[in-house]
Amino acid sequence: MTSPIENGRGSLNSKSLVQGHRFALSKIYDVAIVGAGIVGLATVLELTTRYPRLRIIVLDKEKQIANHQSGHNSGVIHSGVYYRPGSLKARFCVQGAADIVRFCESYKIPHAICGKLIVATAEDQRPALEELHRRAIANRVSGVRILGPEQLREFEPHATGVAALLVPGAGITAYRRVAEKFAELALAAGAEIVTESEVHAIRANNGDFLLETSSGEIQSRFFINCAGLHSDRIARMTGAQLPVRIIPFRGEYYQLSPEKSALVRSLIYPVPDPRFPFLGVHFTRRITGEVEAGPNAVLAMRREGYRKSDFSVEDVSDQLSFPGFWRMAAKYWKTGCAEMYRSFSKPAFVRALQTLIPEIGEADVVPGGSGVRAQAVDRTGALVDDFSFVIHGKALHVCNVPSPAATASLPIGRHIVQTAATHFGWN
Ligand SMILES: Cc1cc2nc3c(=O)[nH]c(=O)nc-3n(C[C@H](O)[C@H](O)[C@H](O)COP(=O)(O)OP(=O)(O)OC[C@H]3O[C@@H](n4cnc5c(N)ncnc54)[C@H](O)[C@@H]3O)c2cc1C
């Protein structure tokens with residue numbers, strides 16, 4: 001499945017990946033990872049670095065690696081402003097941003113530290129902006145400061161607001177390229193990465209896992225689930241009942257016309273609604289130069305539903321049969337309806353953009369691509385905020401790694417390997 005938004009074009013030589021390979025059962029792996037997104041690939045990279053003698057395989061159902069969330073995101077290197085001090089998100093984002101920048105510098109992956117503004121467009125948003133400032137300081141994000149209306153225009157001459165938080169260390173990159181480099185390094189270190197290999201079922205076999213895939217069966221002693229939008233299903237296949245269900249939220253983008261892209265220098269964000277993990281519709285200058293506006297957050301009717309018309313009976317029944325879904329709907333139906341309206345109404349989407357840049361008109365934006373977020377929702381209907389991982393027997397399941405997990409991918413990979421090492425006795 002491809003969608004118009006991609007974090008840079010694929011550059012990894014596909015011959016270095018095995019596609020649709022059929023497995024010989026004689027080989028038993030030490031670790032099997034499902035999911036060659038940025039999280040699964042950061043994990044295999046860390047595994048090969050720490051345990052070079054392990055036999056490791058990464059399986060992905062798609063032809064290309066990083067084909068879902070990791071290849072359909074905003075490409076922002078977040079700084080760690082938004083997240084609750086002490087949370088995994090806060091710690092891993094701050095560390096991950098520094099790691100990603102160093103990684104991009106080392107491997108000549110396009111990136112830029114362009115800075116970002118979070119703009120309060122009305123007085124009643126000021127307390128929330130100040131809270132973000134406090135969080136940024138608590139999370140040790142360097143250089144953040146509050147700007148007044150004139151100062152903010154020095155950074156973004158076309159933006160308006162009563163105040164803004166300047167985050168000078170925020171940046172942009174192409175996460176697909178980052179993920180491909182992770183894969184290239186892991187392959188060179190001896191790991192196997194097999195695409196077009198969908199895991200359908202998982203059985204126990206003498207204390208090992210037997211994975212039934214579209215390209216044959218493989219056996220592995222340990223198992224790591226990095227399956228993104230399908231991670232709860234993969235967990236169920238191993239007998240683990242995660243306390244959450246993955247609910248897909250589509251994020252739709254518009255693109256600024258080339259004549260109007262000069263209205264945005266770098267990254268302009270609104271003050272987010274603190275009840276939601278989503279950051280609100282923002283302007284992002286991509287590493288390729290064009291400017292995008294979005295993403296919104298619309299409930300998707302299919303886990304990989306990039307288009308409004310995408311619908312899956314299995315995915316929708318999965319949502320409807322989960323009590324947490326109904327509780328979430330009861331809590332947030334008003335916001336959900338407003339997002340849905342904005343999804344179908346270009347004037348409404350543009351009105352949201354005009355609160356940040358009043359000069360933008362309907363003729364200045366054209367529909368862009370989309371991405372689908374894997375958001376874990378618990379049985380109470382709460383959207384799980386922090387990153388979360390569950391150990392079940394000899395398996396580790398990645399339950400919730402939404403944004404800023406691309407920024408935080410290297411620390412997440414290290415955390416997964418450290419958690420596995422501790423629980424599985426690898427040390
Ligand atoms: C619209 C959007 C904007 C975002 N913006 C940003 C941003 O600016 N900055 C940031 O840091 N983060 C951002 N994020 C978040 C970030 O992209 C994700 O958190 C991250 O990519 C998650 O990576 P992953 O490896 O867990 O998931 P994925 O990339 O989705 O990878 C999961 C993989 O598992 C595979 N898989 C699933 N089921 C099976 C199966 N049965 N058998 C085999 N393979 C399977 C899939 O094919 C897929 O490749 C954004 C996300 C979205 C959707």
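Biologist: Why does the ligand lie between domain 1 and domain 2?
Modeller: Because domain 1 (14-70 + 176-243 + 386-424) and domain 2 (245-378) both give residues to the shell around the ligand. Keep in mind that this is a predicted model.

Biologist: How many residues surround the ligand?
Modeller: The count is 36. Asp 60, Ser 70, Val 76, Val 401 and Thr 407 are the closest.

Biologist: How does the shell divide into nonpolar, polar and charged residues?
Modeller: There are 16 nonpolar, 15 polar and 5 charged residues in the shell.

Biologist: How much of the ligand's area does the protein bury?
Modeller: The protein buries 97% of it. Taken alone, the ligand exposes 1,000 Å².

Biologist: Which elements give two or more residues to the shell?
Modeller: Those are α1 (38-50) and β19 (365-378).

Biologist: Back to the domains. How far apart are their C-alpha centres?
Modeller: The centres of domain 1 and domain 2 lie 28 Å apart.

Biologist: And how many residues are in contact across the two?
Modeller: On the domain 1 side, 16 residues are in contact with 16 residues of domain 2.

Biologist: What area do the two domains bury between them?
Modeller: About 1,300 Å². Carbon and sulfur atoms hold 41% of that. In domain 1, the residues that lose the most area to domain 2 are Leu 229, Asp 232 and Arg 233. Together they make up 43% of what that side buries.

Biologist: Switching to backbone geometry. Which peptide bond has omega near -5°?
Modeller: The one from Gly 294 to Pro 295, and it is cis. Pro 295 sits in the loop between β17 (291-294) and β18 (298-299).

Biologist: What about the bond between Ser 403 and Pro 404, cis or trans?
Modeller: Cis, with omega about 15°. Pro 404 is in the loop between β21 (395-400) and α10 (409-424). Most peptide bonds are trans.

Biologist: One last check. What is phi at Ala 66?
Modeller: Phi is near 50° there, a positive value in a residue other than glycine. Most residues other than glycine have a negative phi.

Biologist: Where is Ala 66 found?
Modeller: In the loop between β3 (56-59) and β4 (76-77).

Note on methods: Residues numbered from 1 in each chain as written. Predicted model: local features only at pLDDT ≥ 70, side-chain atom pairs only at ≥ 80, totals over all residues. Heavy atoms only, no water. Near = heavy atom within 4 Å. Areas by Shrake-Rupley, 256 points an atom, 1.4 Å probe, with all protein chains shown as cover. Helix = DSSP H or I, 4+ residues; strand = E, 2+ residues; numbered from the N terminus. Nonpolar A, V, L, I, M, F, W, Y, C, P; charged D, E, K, R; others polar. Domains from an automatic or database assignment. Contact = heavy atoms within 4.5 Å. Buried area = accessible area lost by both parts, 1.4 Å probe.
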